[in-house]
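Keep the 3D view open as you read.

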Amino acid sequence: VAATMIAISYLFSKIFILNNFNFAIISNISFNTFIGYLLEALTLAVSVLVMSVPEGLPMMITLVLSTNSKKMLKDNVLVRKMVGIETAGSLNILFTDKTGTITKGKMEVVKVLLGNLNEYNSKLELSDTYQRLLEDSLIYNNESEYDKSSGNVIGGNITDKALLRFASKYKEDEIKIIDRVLFNSKNKYSTSIIEKDNKKIKLIKGAPDKVLKYTSNYLDENGKVKVLDKDRLNNYINNETNNGLRAIALSISESIYPVDSIRRNILVGIIFIKDEIREEAVDSVKLIKNAGINIVMVTGDSLSTGVSIAKEVGIIDNEGDASITSNELNKLSNEEVKKLIPRLRVVARALPEDKKRLVTLAKELNLVTGMTGDGVNDSIALKKADVSFAMGSGTEVAKEASDIVITDDNILSISKAILYGRTIFKNIRKFIIFQLTINLAATSLALIGPFIGVPSPITVIQMLWINMVMDTLAALAFAYEPPLPEYMEEEPKKRDEPILNRYMRDEIIFTGAYSAILCVLFLKLPIFSELFREAENQKYLLTAFFGLFIFMGIFNSFNARTHRLNLFAHLFKNKVFIVIISFIAIVQVLLIYFGGDVFRTAGLSLKEFQIMFLLSLTVIPVDWVRKIILRKKGIIGGV
């Protein structure tokens, strides 16, 4: 629209204004002359289009994404899909695993509890009978293996690895596994049937609530079978899980030892495992919550263990926070779950189907949803989430389904990914402020110019240089703006939030209008023209105007990059910005003195250059006034 209006205004100026509306002269304009005017008008219109259309924006976005992806790799964040970075900055809710993400993922057995509540921190005090049965339960009902060459435990999940390290023995060739049921998140237990001394025994390992349901007796430290007091045992287990320990029950369905021949489930013991919380987890959770993001810990552990960990790291810090088990979740309707999600903090005994359902319902609430996962079963939920984080230690299927891979499995790295996402959005907005401000000034000037007797204050070549400054070079400069921790104290962006916010519109209109008015006054008021030498075609005045326009853009780039009055805040964290702005300034000075007829420039005297420079510098104090007014009104500035 602006280009069309500029073409019309240029023709109007050439045909009517310059001929003083003398229709006798106007009617005698030849066809060739009119075509010449028309071509000039179209050339000017196309030049304005080239300058105004932000063709540098796609390049700038790609640059921002790629440069930040490279930086993020140093912070253990591998970006698979670049658009996922920006989405991470807009997260409203994050469903995260516990093990390895909030905790260190290095489980250790801290004690063994017998059915009579006797505790053992080592196996040295146990009878041979009990010792052998405990070792068989740990070694043969286990998906991990000892690598005899290295002595390391390989394969299986971190729980199996911890149990096998505690057993500290290799599998014996004479003991054969003849059948097994592997652990899955739905059943919450695994079984192995082994053959030893020509007898078969079924080893059972799983969640205490699952295993104890079918267990009435226990094996004491002397290998004797006794009646189990389930109430006392459950109270003990609950106390320990409330303190953050994880409990695993071991039982057998038939004794192979001569002390007993009863065919029933017999409790061997409860193994308590501790997974230490990461030192940085508390600060990371606080950082994410301060960013207005709701964190929901989805864990396979018991509710008491999950709640204990959640309280310790700060996920639960309010009486209104809700915790729920998978079974309780499945009893709720979708509408009931939607009402629960805003205050939901822990989902215990979670199944992969629960993750999928939670992500789907959160998205229906118009929340930008993040999901972490590491297993094959997590891939569906990862695909459904707006942005998905796979753990570096997870399966290849989970990584393929994700947008971002957290190579160190650390929640701190997730918080950094969110920060980088917000930084990218900020940088794009800063670039748009800078570009649209110059656009507004240039198009206003090109539109008004013909009516005030300045039909072409900026030549086509000059306009192309202006376009290079504000598009290509500015895109590079703003692409390297650093991530600032203060971004994590802002509320997340809404799904439908427009790119242009109130702060941006105010700055673009205010500074753009000031720049356009200053340019018009500079060209028309005698007080300015008298400051420059008289010459043919006002070449010194127009040279100064060219410099004025570029240097206003240079100084306005400092206004655009921060909402602070201190324009040098964090400036030296973006060395690329300093280099590019310095390059533009140096090239502009060279064009003023050596551009010649190509750029329609003539060398200015030192006094003329100083006047031009100081006038262009006024965009900074003028923008300060705008920022001060916003602060007095209580409007927090920022992009």
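Start with the largest nonpolar core, which has 126 residues. If you want to find the residues with the most contacts inside this core, look for Phe 389, Trp 465, Phe 522, Phe 549 and Ile 584. Helix H17, which covers residues 411-448, supplies the largest share of the core, with 17 residues. Bear in mind throughout that this is a predicted model.

Now zoom in on Phe 549. Which residues does Phe 549 touch, once you set aside its neighbours within four places in sequence? Its contacts are Ile 438, Ala 441, Ala 442, Ile 458, Ile 466 and Cys 519.

The largest cavity holds about 160 Å³ of space. It's lined by 18 residues, and the closest to its centre are Lys 430, Tyr 487, Arg 561, Thr 562 and His 563. Sort that lining by class and you get seven nonpolar, four polar and seven charged residues.

The second largest cavity, with a volume of about 120 Å³, brings back a residue we've already visited. Of the 13 residues that line this second cavity, Phe 549 is one of the closest to its centre, along with Ile 438, Ser 515, Met 552 and Gly 553. The elements giving two or more residues to this lining are H17, helix H18 (460-479), helix H19 (502-524) and helix H21 (539-560). H21 gives the most, with five residues. What about charge? The lining of the second largest cavity has eight nonpolar and five polar residues, but no charged ones.

Helix H1 spans residues 2-17, and its buried residues are Ala 3, Ile 6, Ala 7, Ser 9, Tyr 10, Leu 11, Ser 13 and Ile 15.

Helix H7 runs over residues 158-167, and seven of its 10 residues are buried, so H7 is largely enclosed by the rest of the structure. The buried ones are Thr 159, Asp 160, Ala 162, Leu 163, Leu 164, Phe 166 and Ala 167. After H7 comes Ser 168, which has a positive phi, near 55°.

Notes: Residues numbered from 1 in each chain as written. Predicted model: local features only at pLDDT ≥ 70, side-chain atom pairs only at ≥ 80, totals over all residues. Heavy atoms only, no water. Core = buried A, V, L, I, M, F, W, Y, C linked by side-chain atoms within 4.5 Å. Buried < 20%, exposed > 50% of the residue type's maximum accessible area, 1.4 Å probe, protein only. Helix = DSSP H or I, 4+ residues; strand = E, 2+ residues; numbered from the N terminus. Contact = heavy atoms within 4.5 Å. 1 Å grid on protein atoms, 1.4 Å probe; cavity = no way out; pocket = protein on both sides within 12 Å on 5 of 7 lines; lining within 4 Å. Points joined across faces, edges and corners; volume = space filled by probe spheres on them. Nonpolar A, V, L, I, M, F, W, Y, C, P; charged D, E, K, R; others polar.
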